[in-house]
Amino acid sequence: MSRKYRKTRPSVSESDVLPTEHSPELYPFDSIVASIKETADKLQQDQATRGDLKILDRALKELRYAFKVFTPYRKQRKVTVFGSARTLPDDPAYQQALQFGRRMAEEKWMTVTGAGPGIMEAAHVGAGTDMSMGVNIVLPFEQEPNYVIHKDEKLVNLNYFFTRKLLFVKEVHAIVCCAGGFGTLDEAFETLTLVQTGKRDPMPIVLLDVPGGTYWKEWELFLKNNLLKQELISEEDLSLFYVTDNIEDAVDEVIGFYSVYNSMRYVKGRLVLRLHVEPSNQFVEQLNNEFKDILESGIITKVETHELEKDDDHLADLPRISLLFNRKNLGRLRQMIDRINDELAPKNDEEDAE
């Protein structure tokens with residue numbers, strides 16, 4: 001991998017990184033809170049069971065507190081690192097995760113993990129406390145917050161896996177998976193499913209082996225030899241993830257994705273891509289020729305910032321392109337973002353001259 005996109009403004013994330021669908025109007029804060037209260041009142045009308053009420057109560061409390069913790073860091077780019085809690089410090093995978101966390105901190109990216117031992121600890125050791133955030137799961141065995149994030153204000157303790165898994169994907173801008181057990185595979189597949197179905201906007205998903213390792217290479221072969229051959233996935237779906245055993249390639253995959261592309265929003269049914277570089281009319285025409293298969297109708301055009309994007313006013317100055325996306329070919333959409341980054345990102349020699 002030859003590209004090395006280093007200068008990507010790591011503190012210009014959108015204010016809320018999961019919901020990409022804008023309503024036809026910006027609902028007032030008070031009306032949304034009132035709607036939550038109304039839903040709670042209906043639970044009594046429904047004669048909800050005590051067990052159901054306890055789940056809802058605990059989940060709402062967990063998410064409220066977690067959102068409070070993450071809010072001050074929302075505009076800061078973050079990467080989630082998944083991997084085994086059983087990996088020991090002398091394991092090459094531990095050292096790989098440690099070096100990756102260190103490299104991302106050097107790029108001014110924060111690292112989010114499950115806050116436990118093993119790969120989670122390694123990534124936090126590399127990132128350092130200031131650039132680490134943790135979402136710990138409370139278990140009767142095995143899991144205690146690692147020493148890097150223990151008692152830090154950026155640590156959230158959670159009772160439910162589903163609230164924890166939401167935070168892993170909602171609050172970050174990239175996912176990196178090292179070798180792990182059932183939990184790591186679950187997290188990798190769930191993230192891929194969310195991106196493939198458009199429930200989470202595209203982001204880098206990196207599957208990181210140790211140097212010369214085959215954990216993720218064999219996983220990729222399984223996908224190709226079984227899912228792809230049986231047409232259970234499409235060829236374009238393979239563009240949604242990247243397998244490597246090289247830390248610099250992993251960093252470049254994450255950083256490069258945001259070298260020109262910033263974020264996306266659906267505004268009145270049209271997909272708007274926010275970019276750091278304005279494309280030429282000629283390049284937009286090329287995109288129309290190369291990616292007309294993902295258009296429901298019409299063409300890709302350059303547009304101004306829409307009024308409904310006021311919740312991200314710090315991004316108002318960014319150039320934008322808009323299209324009526326068919327909402328089906330997410331792999332092709334990822335390929336289009338890669339095409340934009342490859343065409344418009346500063347070349348290596350331009351960066352070296354700065």
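**Cysteines**

I began with cysteine 178, whose sulfur lies 7.8 Å from the closest cysteine sulfur, that of cysteine 177, too far for a bond. The criterion I applied for a disulfide was a pair of cysteine sulfur atoms within 2.5 Å. By this rule I count 0 disulfides. Cysteine 177 is in no disulfide, its nearest cysteine sulfur being that of cysteine 178 at 7.8 Å.

I then looked up burial, taking buried as under 20% relative accessible area, exposed as over 50% and partly exposed as in between, with a 1.4 Å probe and protein chains only. Cysteine 177 is buried at a relative accessible area of 0%. Cysteine 178 also counts as buried, at 3%.

**Basis of the entries**

I am working from a predicted model, in which local features need pLDDT of at least 70 and side-chain atom pairs count only at pLDDT 80 or more, while totals for chains, interfaces and linings use all residues. Residues are numbered from 1 along each chain as its sequence is written, and side-chain values use heavy atoms, with hydrogens and water left out.

**Leucine 155**

I placed leucine 155 in strand S4, which covers residues 155-158. Strands here are DSSP runs of E with at least two residues, helices are runs of H or I with at least four, and both are numbered from the N terminus. Leucine 155 is buried, with a relative accessible area of 9%.

For its contacts I required heavy atoms within 4.5 Å. Leaving out residues up to four places away in sequence, leucine 155 touches Tyr65, Ala115, Gly134, Asn136, Pro145, Ile149 and His150. I also checked leucine 155 against proline 72: the two are 83 residues apart in sequence, and their C-alpha atoms are 13 Å apart in space.

**Whole chain**

I count 11 helices and 11 strands in the protein chain. Its radius of gyration is 21 Å, close to the 20 Å that the globule rule gives for 354 residues, so the chain is as compact as a globular protein of that length. The radius is taken over C-alpha atoms, and the rule is 2.2 Å times the number of residues to the power 0.38. Along the principal axes, the C-alpha atoms fill a box of roughly 60 × 55 × 45 Å.

Of the 354 residues, 50% count as buried. Among contacts with a separation of 6 or more, 74% are between residues 24 or more positions apart. I noted an accessible surface of about 17300 Å², 53% of which belongs to carbon and sulfur atoms; the areas come from the Shrake-Rupley method with a 1.4 Å probe.
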